Amino acid sequence: MPSRTVYSASVEYLQIMDEEGHVDAKLAKDTLSDEEILKLYQFMIDCRQLDEIAFKLQRSGRMGTYPQNKGQEAAAVGSGYAAKKGVDFLVPCYRENAALFLHGLPMHYILLHWMGDERGNQIPEGVNMTPLSIPIGTQMLHATGIAWAFKLKKEPRVTITYFGDGATSEGDFHEAMNFASTLQVPCVFFCQNNQWAISVPRDQQMNSATVAQKALAYDMPTIQVDGNDLLAVHKASKDAIERARQGGGPSFIEAVTYRLADHTTADDARRYRDTKEVDAWVGKDPMIRLRKYLERKNLWSDEKQKAAEEKAKIFVADVVKAAETIEKPLISDIFDYTFAEIPEELERQKRTMRTSSLGQDPTQAGLAAEPTAY
Amino acid sequence: MPRTEMMKEKGLTLVDAINEALYQEMERDDRVVCLGEDVGLNGGVFRVTDGLQKRFGADRVVDTPLAESGIMGTAIGLAMGGMRPIPEIQFEGFMGPAYDQLTNHAARYRTRSRGAITVPMTVRVPVGGGIHAPELHSDSPESIYAHTPGLKVVMPCTPYDAKGLLLAAIRDPDPVVFFEPKRVYRSYREQIPEEDYTIPIGQAKVVSEGTDITVVSWGASVFECLAALDKLPEDVSAELIDLRTIYPIDQDTIIQSVQKTGRCVIVHEAPKTCGMGAELSAIIQEHCFLHLKAPVQRVAGFDTVMPYYKLELEYLPNAERIGESIVQTLSY
């Protein structure tokens, strides 16, 4: 029996706009128009402003722990913009806020979430997404299941799920990829490879040359893109989403990006990563290259930048206000969402939550059935 | 599957009843899908889903990849996507890999999204010992899931209750863990209505009325209790309650009974410490303190790893241990 190759594959890398804002004209065909790029760049300025303010809210004690999104806006916006708002379904982790906003999540919901308020997860009717997912990698199975439901119901809808490079070490990642591939469901797996999982660098997370190649094991179309290149992210996402919509099954996208900030406000990345590495990535910031591109096209200027930043400040101030002026949640909310209908025992606990004993029958001791005010 | 001559003549087993409920609900509701390991072509390792794939197709009765977290996690997604999934975990011992998805996601979604996202699904799990099975095929982990806010837990032990509770579980807007005592799967038959009926989740059943002592149990142990009651002296009037739903607990039925009898023995296969017997004992002392004539007794599995099958009958509560405990409790 001769030995032979039974499988071989390769992974393509895509960049359309380089760090200087130069665009490959051939590849840029069929991507975003200048009008769209301008609109999305302005939107990214708003998102970056919110991110910076969120950081300051935490530092000044007005908000709990917050994971900054800074530097990863192109990955979120390029992919989120490629999905159809009101039709497709987003299943995020927590570093793609901009994609959620594009799909209609009110911005102050993100602040509410990190202010310790579940109402930040109360996704409004008609907004198609799950709330932020805190444990790593578990949400990809939900995305697969939602896509499976779309397939069973013969609805031309797609889910896109977000996760980081670290999440691809989780068993649930592989189970989700295998289920999605085996069942051929319309799900796009979007990995934001930002090089760091808290303090563990990508090359310590895996011995694979790329994250994208992990999809080859599941015979899934896969691509590595410059995750700080809005056009490349958008093109790859649009291709994957439309393929899924046409019945072509799941796809994988590795967006190579960088976490410019700490993991969260509770983290200090100086403990484990070289500032030289960070400095090298600062120049690759997705927004710098977009500005250069727009300026070269005479669509942008210092004045416009200044005006946009001012506008963002005013806009974000309103977002913060919305989050900070919301009335305190009802104490009864602790109980009322456990089940559709509150069980008797839980009702009793709710009624007696301020007493020392939950639910003992005080009539046995000759007391009134309901506790007195103490 | 439609009833066979055997079923018409001799009644349905637990397996038959669950199969009938699944069949009827899949006929009634297009959103219902069964998924799990070997549930399709093979009809499940216990044949509970036998014939369903043939009738409803491979899209609705799905042989999934062999991955419990994947089964639970995608079932959650299916539920979020508007389906009514019924994932099967082949044995309770394999719940481990699915535990994270079930308890940290399915159970919490309604709360964490303040009602915006819900997970109506029924997780079917064969449970308990007594069938000479290999390791990790014989455990009784019901209290773990009863201790998880956001989950309902049921464990019917008769064909009638299984059908009614399964239909209620599938139609429930929240996740339900539906434990099927495998020792009873084929050991008991009864005639049950062919038409659709439900039994409300959260209602215990008084199996036999009595005035001297209350015996509370669920799952396969109910049959051991019945055997124990048979052997009691004629003048002892014991009331047997089948809890049926582990969470939410039907406190009223227990309280009313123990206030009447003043004595209670609780029987379950699961380890004694932090088993549901502990919770029931606490409820009884909270509400029946002045009525008690004897300490509440527990006849339970031991706080050990479930032994391999050569010793499993020494581990599981049997009629002798139960009878002895009843007599002791009556002697106070």
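**Close-up 1. Thr363(A) lies in the segment after helix 14 of chain A.** The model shown here and in the other views is predicted. With a relative accessibility of 39%, Thr363(A) is partly exposed. Leaving aside residues up to four places away in sequence, Thr363(A) touches Ala368(A) and Ala369(A).

**Close-up 2. Helix 10 of chain B spans residues 251-261 and has buried residues.** Among them are Gln251(B), Ile254(B), Ile255(B), Val258(B) and Thr261(B). Their cover includes helix 14 (344-351) of chain A, as well as strands 7, 8, 9 and 11 and helix 11 of chain B. Just after helix 10, Gly262(B) adopts a positive phi of about 75 degrees.

**Close-up 3. A salt bridge joins Glu73(A) and Arg48(A).** The closest N and O atoms are 2.5 Å apart. Glu73(A) belongs to helix 3 (residues 73-82) and Arg48(A) to helix 2 (residues 34-59) of chain A, so the pair ties together parts 25 residues apart in sequence. Glu73(A) is buried at 4% relative accessible area, and Arg48(A) is buried at 14%.

**Close-up 4. Arg114(B) and Glu118(A) form a salt bridge.** Their closest N and O atoms are 3.1 Å apart. The pair crosses between chains, from the loop between helix 6 and strand 4 of chain B to the loop between helix 5 and helix 6 of chain A. Arg114(B) is buried at 7% relative accessibility, whereas Glu118(A) is partly exposed at 30%.

**Close-up 5. Asp268(A) and Arg270(A) meet in a salt bridge.** The N to O distance is 3.0 Å. Asp268(A) is partly exposed at 28% relative accessibility, while Arg270(A) is exposed at 68%.

Key:
Residues numbered from 1 in each chain as written. Chains lettered and ligands numbered in written order. Predicted model: local features only at pLDDT ≥ 70, side-chain atom pairs only at ≥ 80, totals over all residues. Heavy atoms only, no water. Buried < 20%, exposed > 50% of the residue type's maximum accessible area, 1.4 Å probe, protein only. Helix = DSSP H or I, 4+ residues; strand = E, 2+ residues; numbered from the N terminus. Contact = heavy atoms within 4.5 Å. Salt bridge = Lys/Arg side-chain N within 4 Å of Asp/Glu carboxyl O.
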